[in-house]
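User: I am new to this structure and would like a guided tour. Could we take it piece by piece?
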Amino acid sequence: TSTLRSVLKETIPERREQLLKLKKFHGQVKIPAGDITIGSVLGGMRGNKSIFWQSTTLDPMDGIKFHGMTIKQCQEQLPGDANDHQFYPESMLWLLLTGKVPTVEQTNELISELNGRAENGRLPECTEKLLDNLPNNMHPMTQLAIAVASLNYGSQFAKGYQAGTINKLNYWESTLEDSLTLISRLPALVGKIYSKITQDGSPLGQFNSSKDWSYNICSLMGMTAGGDSLNNNNLSPQQSQDFVNLMRLYTGIHADHEGGNVSAHTTHLVGSALSDPFLSYSSGLMGLAGPLHGLAAQEVVRFLVEMNGSIKNVNDPKQISEYLWSLLSSNRVIPGYGHAVLRNTDPRFQAMLEFAERRSDEFKDDANVQLMMTLPKVAPAVLKEHGKCKNPYPNVDSASGVLFQHYGVTQLLFITAIFGCSRALGPLSQLVWDRIYGLPIERPKSMDLEALQKLV
Ligand code: NMX
Ligand code: MLT
């Protein structure tokens with residue numbers, strides 16, 4: 001991390017000074033439109049601007065921006081696979097951490113840095129044994145969260161803190177070390193878990209240290225072409241190449257969604273107790289596993305498959321609309337639609353859709369992908385008429401699951417584990433900055449019903 005560290009170090013003094021001045025001289029300034037109401041206390045803290053988060057900001061209409069850059073701008077400017085206009089998640093990680101667009105050399109250096117830490121895809125012995133002892137059919141997210149927590153056995157931050165050898169101003173350095181190690185281990189972890197849920201836990205593919213992080217996620221899942229896969233994955237060379245680019249796209253754009261979403265907020269909260277990055281992100285993963293958050297991608301696939309089996313003509317908007325109404329009248333949600341903060345189509349959904357549209361031949365006979373592409377023309381009107389949800393448009397989880405399924409990832413529970421690889425990038429970058437700034441432990445005040453009642 002020599003260059004990454006030096007780029008980070010250059011930005012630290014100015015940012016630290018800015019934060020300290022704000023805290024010291026302007027701590028009493030009220031945040032506009034940020035007043036906390038009884039509605040926000042009882043309503044999931046919506047509209048309550050109270051988390052400090054630097055790397056991404058969510059606009060309700062335009063969606064996510066990474067240090068001010070839209071997904072399109074990231075696709076144009078971040079180094080990646082030139083043939084597919086697809087940036088590497090490593091360049092996204094660089095951007096998230098430093099606020100700067102990396103050069104090709106800097107991106108390659110970070111790719112090598114992560115590969116060096118990955119130890120050829122070998123997991124620490126205790127983590128390997130731990131995973132071997134978990135039932136193969138245990139929920140992949142439970143396995144992933146346990147395995148990530150177990151990596152804290154080697155935490156530099158925890159060791160240094162325990163020994164009292166690190167100064168508070170330098171906490172960020174071992175936090176960065178641990179975060180990069182955690183991220184580098186994720187391909188091997190999810191590869192192992194994928195093998196456990198599909199076979200017996202033995203390797204499905206080989207780690208390739210000349211390739212990028214997303215490629216190695218695919219390779220260790222046994223989904224690449226040529227010598228790296230040890231698995232007969234039935235993909236043509238073009239399909240495995242496309243699958244790798246789908247993985248780069250997916251893991252690049254799911255990396256961060258400002259600070260308030262459950263996985264990011266949990267990582268930040270647990271990290272504020274100075275728990276090390278492994279424990280902090282393991283907690284974030286537990287939140288990502290909920291059906292209203294990351295698990296929704298899996299629910300979408302189930303729902304599309306069920307709908308395909310239930311209606312005669314999936315090109316008939318009337319039949320789709322009737323099916324959606326039957327769901328809503330039995331008090332079920334339409335998965336992949338709605339959002340806590342967004343009020344428009346999620347640009348991440350748009351990016352996944354464009355991936356499919358660019359490969360129309362590949363997907364023309366996949367009834368689930370076709371239905372996913374038709375649904376945005378029908379579901380928003382139904383949800384508007386239903387009148388409950390504030391955002392009737394597709395969210396990020398609408399497209400990803402069926403695309404992964406198309407290439408052979410049929411274990412739906414696993415899709416959230418791929419989300420878990422990606423989401424590590426944002427919250428862990430923020431954790432490094434939390435330590436740079438020396439943010440205190442989070443401890444908001446809670447209120448009971450009587451206290452709220454007194455206010456009215
Ligand atoms: N289908 C049916 N009803 C919905 C939907 C939907 N897709 N979205 C929201 N509603 C309902 C919601 O359940 C609530 O009903 P009630 O008052 O009876 O509790 C009402 O509309 C108002 O909800 P909102 O304020 O619009 O949404 P909220 O902020 O509470 O929740 C979600 C946001 C994302 C949890 C919600 O839209 C949802 O459950 N969507 C389906 C699941 C999903 O796709 N989740 C993935 C989100 C993205 N991610 O990765 O995390
Ligand atoms: C996310 O990516 O975390 C989801 O869209 C949920 C959110 O932002 O609340």
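Analyst: A definition comes first: two strands pair if DSSP finds at least two bridges between them. Please also note that this is a predicted model.

User: How many bridges join strand 1 to strand 2?
Analyst: Four bridges join strand 1 to strand 2 (residues 63-66), and the two strands run antiparallel. They form a hairpin with three residues between them. Within this pairing, Thr-57 has Lys-65 in strand 2 as its bridge partner.

User: Why does Met-45 count as partly exposed?
Analyst: Met-45 has 16 C-beta neighbours inside 10 Å, so it counts as partly exposed. The cut-offs are 20 or more for buried and 12 or fewer for exposed.

User: What about Glu-119 and its phi?
Analyst: Glu-119 is not a glycine, yet it has a positive phi of about 45°. It lies in the loop between helix 5 (104-117) and helix 6. Glu-119 is partly exposed, with 15 other C-beta atoms within 10 Å.

User: Let us change topic. How is the chain divided?
Analyst: The chain is divided into domain 1 (114-293 + 414-437) and domain 2 (296-406). Their centres, taken over C-alpha atoms, are separated by 28 Å.

User: How many residues of the two domains are in contact?
Analyst: Twelve residues of domain 1 are in contact with 14 residues of domain 2. On the side of domain 1 that touches domain 2, helix 11 (237-253) gives the most, with five residues. The residues of that side divide into eight nonpolar, three polar and one charged.

User: And the largest nonpolar core, how many residues has it?
Analyst: It has 111 residues, and those with the most contacts inside it are Met-92, Leu-144, Val-148, Val-190, Leu-285 and Leu-403. Helix 9 (residues 171-198) supplies the largest share of this core, eleven residues. The core draws at least three residues from each of domain 1 and domain 2.

User: What is Leu-285 in contact with?
Analyst: Leaving aside neighbours within four places in sequence, Leu-285 is in contact with Met-141, Leu-144, Ala-145, Val-148, Ser-263 and Gly-420.

User: Why is helix 7 largely enclosed?
Analyst: Nine of the eleven residues of helix 7 (residues 140-150) are buried, so the rest of the structure largely encloses it. Among the buried ones are Met-141, Leu-144, Ala-145 and Val-148. The buried residues of helix 7 pack against helix 6 (125-133), helix 9, helix 13 (277-288) and helix 21 (415-423).

User: Finally, what surrounds ligand 1?
Analyst: Ligand 1 is surrounded by 20 residues, of which the closest are Ala-296, Val-333, Gly-338, Ala-340 and Cys-389. That shell divides into ten nonpolar, seven polar and three charged residues.

User: Which residues surround ligand 2?
Analyst: Ligand 2 is surrounded by His-257, Asn-261, His-293, Ala-340, Val-341, Asn-395 and Val-396. By class, three are nonpolar, four are polar and none is charged. Each of domain 1 and domain 2 contributes at least three residues to the shell around ligand 2.

Note on methods. Residues are numbered from 1 along each chain as its sequence is written. Chains are lettered from A and ligands numbered from 1 in the order in which they are written. This is a predicted model: local features need pLDDT of at least 70, side-chain atom pairs count only at pLDDT 80 or more; totals for chains, interfaces and linings use all residues. A residue is near a molecule or strand if its C-beta atom, placed from the backbone, lies within 6 Å of it. Ala, Val, Leu, Ile, Met, Phe, Trp, Tyr, Cys and Pro count as nonpolar, Asp, Glu, Lys and Arg as charged, and the others, Gly among them, as polar. Domain bounds come from an automatic or database domain assignment. A nonpolar core is a set of buried Ala, Val, Leu, Ile, Met, Phe, Trp, Tyr and Cys residues joined through C-beta atoms within 7 Å. Two residues are in contact if their C-beta atoms, placed from the backbone, lie within 7 Å.
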